[in-house]
Amino acid sequence: MRYHAVEKARFLARLNRFIAHVDLEGRTEVCHVKNTGRCRELLVPGAAVYLERSSNPARKTAFDLIAVEKGPLLINMDAQAPNKVFLEWAAVGNFLTGLTVIRPEYVWEDSRFDFLLEDAQGKIFVEVKGVTLEEDGEVRFPDAPTERGVKHLRGLRRAVAQGYRAAVFFVVQMKGPVRFRPNDETHPAFGTALREAAENGVGVYAYDCLVTPDSLELDAPVEVIL
């Protein structure tokens with residue numbers, strides 16, 4: 001996926017989950033943060049950030065904050081990007097060969113999964129999660145408690161019990177981490193639900209991404225440690 005009209009700025013402060021101040025060419029701009037997670041280790045004063053200028057002149061904020069530099073890493077932090085890059089990647093047969101259906105936002109029982117895929121073997125439900133939390137080459141999810149994420153995992157587990165295939169796919173929004181694991185320190189229930197899902201037949205995948213200031217592309221598998 002690609003962004004347009006991207007500009008580099010310096011992060012100043014986060015006013016709330018949605019709004020931040022940045023220094024863009026010596027002036028303070030108000031921008032929309034496209035990630036409601038904590039991102040405390042990323043959005044630090046002085047960090048280099050990348051903004052996409054909105055094409056809508058009526059918007060209250062002219063820019064979206066889409067990426068940040070953390071040391072040598074360039075990390076995409078657009079929460080909408082993981083589903084988009086997974087869709088592009090899966091649509092050309094990288095996840096399933098012989099793919100016949102790919103349907104976003106599929107409702108099954110009391111769950112709304114990110115994707116329904118189908119091939120000759122039938123349906124597979126897929127839930128996609130974006131990962132931005134990194135430390136010493138290890139990435140973890142989530143960076144804040146997510147009851148919604150636990151509910152998704154339980155729904156995937158139920159689907160497998162009823163004869164469907166199911167998977168959770170972690171899109172690591174940076175290049176180079178060597179392993180992924182659930183963030184038990186932040187949300188033990190999510191880690192427990194992920195391990196139980198894997199033990200009961202839910203596939204667990206993590207892939208890193210090629211990241212530039214104006215693009216994001218799924219690249220290579222990352223080892224999953226449960």
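Colleague: How do you know that the structure holds zero disulfides?

Modeller: A disulfide here is a pair of cysteine sulfur atoms within 2.5 Å. The sulfur of Cys31 has its closest cysteine sulfur in Cys39, 12 Å away, so the two are too far apart for a bond. The structure therefore holds zero disulfides. This is a predicted model, in which local features need pLDDT of at least 70 and side-chain atom pairs count only at pLDDT 80 or more, while totals for chains, interfaces and linings use all residues. Side-chain values use heavy atoms, with hydrogens and water left out, and residues are numbered from 1 along each chain as its sequence is written.

Colleague: Why is Cys31 called buried?

Modeller: Buried means under 20% relative accessible area, exposed over 50%, and partly exposed in between (1.4 Å probe, protein chains only). Cys31 has 0% relative accessibility, so the term applies. Cys39, with a relative accessible area of 1%, is buried as well.

Colleague: What makes Lys34 count as buried?

Modeller: Its relative accessibility is 13%, and the limit is 20%, so Lys34 counts as buried. Lys34 lies in the loop between strand E3 (27–33) and strand E4 (48–53); strands are DSSP runs of E with at least two residues, and helices are runs of H or I with at least four, numbered from the N terminus. Leaving aside residues up to four places away in sequence, Lys34 touches Asp64, Leu65, Ile66, Met77, Asp78, Ala79 and Gln80, contact being heavy atoms within 4.5 Å.
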